Amino acid sequence: MLMTKYSEIKFIVALDGNNIPEKIDWSATDAGFKGSKECKSIMISLWDKAESATFGFDLWTKEMMVDEMNIFFHQVLIKMSDTYRRATKNSEAADMIDEFSKEFAEKVKLDEQSRQG
């Protein structure tokens, strides 16, 4: 009989007096490193089984610059396309997300190096 394995992902968010994130640290039991790492932004989407609905939250620190947010969003779009392709085997729809990510990169004027995901 197979044993169930558990993994934990943890986020610690330091907030200022106005509840705006100043620092975000994350750790995961299967991350491949010890301790925690700092990040500037997180986007989490959850599919609620009972509600059949997506819930999500997005946080970013005060030091996250617009240029960084543009790169972050572009890379998230690429990741969404890859994940969708693997999960559904629907390359045509995944290609649409890829095309949008290219248009987005052009619109926000990302250079070629920033487009690498």
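**Exercises on a predicted model**

Phe 73 has a relative accessibility of 33%, so this residue counts as partly exposed. The structure is a predicted model.

**Exercise 1.** Classify Phe 72 as buried, partly exposed or exposed.

Solution. Step one: buried means under 20% relative accessible area and exposed means over 50%. Step two: Phe 72 has a relative accessible area of 21%, so Phe 72 is partly exposed.

**Exercise 2.** Find how many aromatic pairs the whole structure holds, and describe the geometry of each.

Solution. Step one: the search of the whole structure returns 2 aromatic pairs. Step two: Trp 26 and Phe 33 have ring centres 5.2 Å apart and planes at 90°, so this pair is edge-to-face. The cut-off for that label is an angle over 60 degrees. Step three: Phe 72 and Phe 73 also form an edge-to-face pair, with 6.2 Å from centre to centre and 90° between the planes.

**Exercise 3.** State how Trp 26 and Phe 33 are classed by accessibility.

Solution. Trp 26 has 26% relative accessibility and therefore counts as partly exposed. Phe 33, at 23%, counts as partly exposed too.

**Exercise 4.** Give the order of the elements from the N terminus on.

Solution. The chain has 2 helices and 5 strands. Their order is β-β-β-β-β-α-α.

How values were computed. Residues numbered from 1 in each chain as written. Predicted model: local features only at pLDDT ≥ 70, side-chain atom pairs only at ≥ 80, totals over all residues. Heavy atoms only, no water. Helix = DSSP H or I, 4+ residues; strand = E, 2+ residues; numbered from the N terminus. Phe/Tyr/Trp six-rings, centres within 6.5 Å; stacked < 30°, edge-to-face > 60°. Buried < 20%, exposed > 50% of the residue type's maximum accessible area, 1.4 Å probe, protein only.
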